Every structure is written in structure tokens, then in C-alpha cells.
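Here are a few friendly notes to read alongside the model. Have the viewer open as you go through them.

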Amino acid sequence: MKGKYYPEPFKIKMVEPIKILTEEERLKKIEEAHYNLFYLDSEDVYIDLLSDSGTGAMSTEQWAGMMKGDEAYSGSKNYKKLVSTAQNIFGYNYIQPVHQGRAAEKVVMPIFLGPGKYAISNMHFDTTRAHVELAGARAIDCVVAEALDTETYSPFKGNMDTKKLVELIEEYGAENIGLIIMTVTNNSAGGQPVSMENIKETSEIAKKYNIPLMIDAARFAENAYFIKTREKGYEDKSIREIVLEMFSYAQLFTMSSKKDAIVNIGGLIGIKDDEELYEKVKANTIPLEGFVSYGGLAGRDMEALAIGLEEGIDYNYLKYRIGQMEYLASRLDEANIPYQYPVGGHAVFIDAKKLLPHIPYYEFPGQALAIELYKEAGIRTCDIGSFMLGNDPDTGKQLESPFEFTRLAIPRRVYTQSHLDLVADALIAIKERAESIKGYRITWEPKILRHFTAKLKPIE
Ligand SMILES: *Cc1c(COP(=O)(O)O)cnc(C)c1O
């Protein structure tokens, strides 16, 4: 059955035309892009589901706020508004703006991590893993087993496996674990939420072993919506109350504001009450990002971010937003197309391992499906699997990802129901010729974060 589409809680004031290339043109473009969708010009893409990061549509309030940019080098009005808004929403004393999520990671990670140290997370996002490794440490993922089973319903597949967390701490020694990182929602597991109970339990373990708990907060609002709609005892709590409680269990957060805060650029670091830590964060921010009161952002960006933080926790907006994922997923259900089930908060993660079982992990089924979607209908998506995971930093060998996903990330407030229908129809057409789809090999790759720039060739 087709799911009901929850209507947009906004109307359209400005439009951006998009163009549709012919199939012949698309085949040429993808070859010229070395079969890496990051190399495509956005002009050559019809529906761009590469990322939900920084791709959202700002509201009239946000655009109006851009005109209120106070571009003073120090102490701008917008900085003060951003700090007080974020203090209010998260309940933290110290807020440091940065230019995006990975900048927050770059500032924070070396404070806690170095050679011989480990970070344990429910799952590290790719840039988070990269900054753990750049700091000289190693990243360990510790997600619940349900996350690996893409077919069975479980309300909080993003959760930390707390039993395994304790075992890992005992095995590596608490003094060697620099950070425990809770990623909400769990992006790499398919935008899957983490329950309040799990955040609380993880926080108790962290406290017991005296390890700081950090939230990787990119999709904090979507996570709060899932807690409200799926976790017992939270039905009648507001998103705002849920967010406050979530953050009360951690000591600090890093955030890419390009997701749930619906801005095109921006990030935040939040520190609950540790003034000494705030001093260290400021000391790193100034040389890496810019002075404390702008952190790599223009005044106008901070204004849009302050407004976006509030818009992102609006219940009706979140209902529409998550509703888009649920609608697209319901179209895939009708056609028996496998995806990480239940659908996550910001994207539909197609299970390419199941759709293309004849392609082994080292020939990148997630990437193969992403290429096919572009060829089929000009849709741009990305691999979240072995192609993204890359090689072991110690041995240089290709790692096998537990998942082989093709991620259909939905930008916020950008596409309509008929765009989503077109995506579903393309996947259905691809499923029909799945057996004929070939894997890929890498012809060139950089050392770190290779999926952005690696070049590939189809296997003949
Ligand atoms: C996007 C993201 C980041 C990195 O943020 P950028 O703004 O892209 O630098 C970190 N963690 C998670 C979970 C993310 O989704």
C-alpha cells in the first residue's frame, strides 16, 4: 500500500529550474566523471540526493535574517543571538561556532585523542573517523547487532551496544579510551535513531569509567522526533523537552549545522559546564577557524543558523520531513526493494548487497547502484559501504563494510512528492535488470576519505 504523503508545511516562493539530460548524455557524463558521482557537475544532475548536508532550502525568516548580518570582527549581534539560542535549546553553557561539522571535529579531537588512544562510537561518521585517525588515535564502532539486520523492525537500530561497550573499555583499558561518541541519528547505520534509554545508559557507563561522552549532533532534531514517536514515556513531551534531556547526558557535542539546523554552511561545538575545556576549544578554534565570535562563519551565516535551529525542532516540520522518508519507503515496499528498515530520518538506505548479490564488497555494490541510478534517471546518490569505508590505515587492505548501502539523502524542504515518485520508479526499473549490473574497480585513490575523489572503472 502506498503510504500517505504528509503535506509540506510551507509554500514555494522561489524556484530553481533543473534540467534533464538524455540517457546518452548521462552515460557520457558519468564516464567522464570516472564513475565517481562527486565529480559530476550539479547542472548535469536531475534529482540530487547526494547529501542532505547544506542542501536544504532556507526559509523567508532565514533569508531575511541574512540581511541582518553584523560583520564586525568581534562580538557581533548574530554571534550573541546564536549563542543564546543554542544555550537555550541544548542547555549548555558554552557554545562555539565553527564553519561546519568536521571543523568542530578538527578542533575537539586532538584535545581528547592522540597516539595509543581510542574513540568508541555507536558508529563514526566518515569525517569523524578521519579526525580520530588524524589525531593519531583509532576509531572503534560499537553499534547494536540489530543495525546489521536490514530487514527486521527495531525502533532504535542506531543504539550503542552497551554490553560490548563495557567489554571494549575493559579490553583496551579505560585510560586509553579518549572519548565515547554518540552519533544521533546514527548516519552510517542508515540514519537510525538512538533511544533516550540508550543515551542514558551509555552516559552511565562513561561516567563509571570516567570517560567523556560527546554527542555527534548533526541530526539531533530528527532523533528527538523518533524518540517522541517511538519511545514509551515521550509521547506527550515536546521536541524541545526531548532535546534538552538528550543533551543533559553528555559533556559536549560537535554539530554539523548543515543538517537539522537547515543552513547551507555552519557548525557548532557545545560544552555543558567544563570551563577549562571551553578554554582549550577556544585556543584551538582561533588558529584553525577564526576568532571565537565568528569561528569561520560570516555574521549573516550565524543569524541564519540561530533561526534554523528553532525551525528544525518544529514538530510539524519534522512530521513532514520524516514523512517524506516514510512515503518513499512505502513505494519501495510495494516493489520489494530492500532498504534499511524501518526507514531512517534523513535518507533511504537501499540495501545494495541484497539488490545486487552477485557483486562482492571489493567491487562496491553500493557504488554500482549509485551509478545505475544516475544512468537511469539522472539521480545522484552515494555509496555508504566498502567504497566509502576505504582501506585499513595499518595494513592498507580494503576493509569489508558490514553494510553495502546506496544512500538516497533527501535535502530539507527541496523536493516534492512527484520527485520522490520518480526516484521510486527508477529503482523499480533498475531492479528488473539487476542481474546485468556489473561491479567496479578503483584505478586511483587518495589515502584518506577516498570516496570523494577516487576514480573507478567498470569490471568487464
Ligand atoms: C555531516 C556529518 C558530520 C560532518 O559534518 P560536515 O558539516 O559535513 O563537516 C559529522 N558527523 C555526522 C553524523 C554527520 O552527519
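Predicted model: local features only at pLDDT ≥ 70, side-chain atom pairs only at ≥ 80, totals over all residues.

1. Let's begin with α4 and α5. Helix α4 covers residues 101-112 and helix α5 covers residues 126-134; their axes lie 9 Å apart, at an angle of about 25°. Because angles under 35 degrees count as roughly parallel, α4 is roughly parallel to α5. The crossing of α4 past α5 is right-handed.

2. Now for the ligand. It has 15 residues around it, and those that come nearest are Q100, R102, D216, S256 and K259.

3. Some polar atoms at the ligand are worth a look. From an oxygen atom of the ligand, a polar side-chain atom of S256 lies 2.6 Å away, and a polar side-chain atom of Q100 lies 2.8 Å from a ligand oxygen atom. With G101, a polar backbone atom is 2.9 Å from an oxygen atom of the ligand.

4. Finally, turn to helix α8 (residues 220-230) and helix α12 (residues 315-334), which pack at about 90° with axes 10 Å apart. The two helices are therefore roughly perpendicular. In α8, A221, E222, Y225, F226 and K228 meet Y315, L318, K319, R321 and I322 of α12. That contact has 6 nonpolar and 4 charged residues, with no polar ones.

Note on methods: Residues numbered from 1 in each chain as written. Heavy atoms only, no water. Axes fitted to C-alpha atoms, helices over the stretch in contact; angles between N-to-C directions. Helix = DSSP H or I, 4+ residues; strand = E, 2+ residues; numbered from the N terminus. Parallel < 35°, antiparallel > 145°, perpendicular 65-115°, else oblique. Left-handed = near helix turned anticlockwise from the far one by under 90°. Near = heavy atom within 4 Å. Polar contact = N/O pair within 3.5 Å; in protein donor to acceptor, adjacent residues only side chain to side chain. Contact = heavy atoms within 4.5 Å. Nonpolar A, V, L, I, M, F, W, Y, C, P; charged D, E, K, R; others polar.
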